[in-house]
Amino acid sequence: MYYIGVDIGGTNISAGAVNREGELLFKKSVKTGRERAYSEVLTDIVEIIKQVQNEACIVLGDGFEHAAQSVGLGCPGSCNKSTGVVEFSGNLNWHNVPLAEDVQKGTGLPAFLENDANAAAYGEFIAGAAKGLNSAVVITLGTGVGAGIIINGKVFCGENFAGGEIGHNVISVDGPACTCGRSGCFEVFSSATGLIRMTAQAMEKNPESAMHAITQELGKISARTAFIAARQGDAAGKKVVDDYIKYLACGITNVINTFQPDCLCIGGGVCNEGDYLLVPLRGLVAKEIYTRNSEKNTEILICKLGNDAGIIGAALANVQLTINI
């Protein structure tokens with residue numbers, strides 16, 4: 001038997017077949033076209049689910065033991081798990097759409113809804129960096145700062161299913177405005193968007209910086225620009241990197257002080273910097289956490305599953321697993 005997971009993003013819709021052990025057997029993807037009406041995007045979601053089912057018949061065989069058991073839908077925004085309604089998704093411009101019900105009607109399979117960040121966190125918990133642990137927080141550093149919280153093996157989402165918005169905790173009261181309406185949010189400083197903004201500001205102040213030549217080579221200012229410059233010994237680039245890691249450490253320390261999970265996993269393109277990011281980050285957090293004198297503290301890890309985490313987590317978030325994780 002297998003379960004279908006669907007990760008609905010602003011750019012792509014990805015779907016795959018996942019077994020009970022959390023192994024992604026195969027996946028398919030299609031462009032979202034988020035400017036389209038909900039009904040048009042829904043048609044593509046249903047179609048890609050059917051494509052996964054057809055592929056499974058070829059790969060796994062067409063017997064009952066290999067039938068899809070359910071569909072899990074990971075969607076950005078405020079997702080009411082109890083009703084299956086996406087109450088609001090700014091990325092998709094959806095308002096109170098009955099996604100789970102509509103997918104169930106279109107496919108004939110039981111369909112369940114989960115926030116996309118929660119789904120990705122559960123994927124890392126089942127089959128990635130947090131596998132085998134009891135609790136974890138997974139933070140994705142992308143356009144924004146997404147997060148999912150796992151406590152005692154279950155996704156924590158709050159009474160209104162909107163919990164876990166770690167990116168909108170304020171770390172600098174008088175900081176830049178955030179898209180959420182507050183100022184100085186963790187997301188403003190620690191997202192890839194925030195890193196690019198800080199890089200651009202530093203380049204404007206430092207016309208001699210190597211970041212200008214690097215930007216020309218890359219074709220644009222990216223989240224890599226300051227890191228590449230810092231590695232080349234560029235002082236302005238190094239300051240951007242140091243400031244970025246300082247803010248990231250502040251936000252992560254707040255999360256650890258609040259939840260004290262077994263591990264905190266970070267994902268997103270900036271994590272490709274590896275130890276150049278991770279070593280100083282761990283050092284700063286170790287100095288700042290409230291439990292710095294404890295024998296056991298939260299381990300900071302890099303996510304393992306990349307874009308597959310959302311598919312795996314969505315597929316299994318509503319499945320009562322009996323395997324030893």
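Student: What makes the link between the side chains of Glu114 and Asn118 a polar contact?

Tutor: The side chain of Glu114 meets the side chain of Asn118 at 3.2 Å. A polar contact is a pair of N or O atoms within 3.5 Å; within protein, one must be able to donate a hydrogen and the other to accept it, and residues adjacent in sequence count only if both atoms are side-chain atoms. The value of 3.2 Å is within 3.5 Å, so the term applies. This is a predicted model, in which local features need pLDDT of at least 70 and side-chain atom pairs count only at pLDDT 80 or more, while totals for chains, interfaces and linings use all residues. Residues are numbered from 1 along each chain as its sequence is written, and side-chain values use heavy atoms, with hydrogens and water left out.

Student: Why is Glu114 called buried?

Tutor: Buried means under 20% relative accessible area, exposed over 50%, and partly exposed in between (1.4 Å probe, protein chains only). Glu114 has 2% relative accessibility, so it counts as buried. Glu114 belongs to strand β8 (residues 111-115), strands being DSSP runs of E with at least two residues and helices runs of H or I with at least four, numbered from the N terminus. Not counting residues up to four places away in sequence, Glu114 touches residues including Leu73, Cys79, Lys81 and Ala317, where contact means heavy atoms within 4.5 Å.

Student: Why does Gly148 count as buried, and why does Asn206 count as partly exposed?

Tutor: Gly148, in strand β10 (residues 145-151), has 0% relative accessibility and therefore counts as buried. Among its contacts beyond four places in sequence are Ala117, Asn118 and Val138. Asn206 lies in the loop between α5 (192-205) and α6 (211-218). Its relative accessibility of 22% falls between the two cut-offs, so Asn206 counts as partly exposed. Beyond four places in sequence, Asn206 touches His212 and Ala236.

Student: How do you know that the buried residues of α9 are on the same side?

Tutor: The buried residues of α9 are Leu277, Leu278, Leu281 and Val285. They cover an arc of only 85° around the axis, which puts them on the same side of α9; the arc is that of the directions from the helix axis to the C-beta atoms. An α-helix has 3.6 residues a turn, so residues three or four places apart point the same way. The face of α9 turned away from the buried side carries the exposed residues Asp275, Val279 and Lys287. Cover for the buried residues includes α7 (225-231), α8 (235-259), β12 (263-267) and β13 (299-302).

Student: What makes helix α10 largely enclosed?

Tutor: In α10 (residues 308-316), 8 of the 9 residues are buried, so the rest of the structure largely encloses this helix. These buried residues, among them Ile311, Ile312 and Leu316, pack against β1 (2-8), β2 (12-18), β3 (24-31), β4 (68-75) and α3 (116-127).

Student: How do you know that the radius of gyration of the protein chain agrees with that of a compact globule?

Tutor: The radius of gyration is taken over C-alpha atoms, and the globule rule is 2.2 Å times the number of residues to the power 0.38. For 325 residues a compact globule would have a value near 20 Å; the protein chain has 21 Å, which agrees. The C-alpha trace spans about 65 × 45 × 35 Å along its principal axes. Buried residues make up 48% of the 325 residues, and the chain contains 10 helices and 13 strands.
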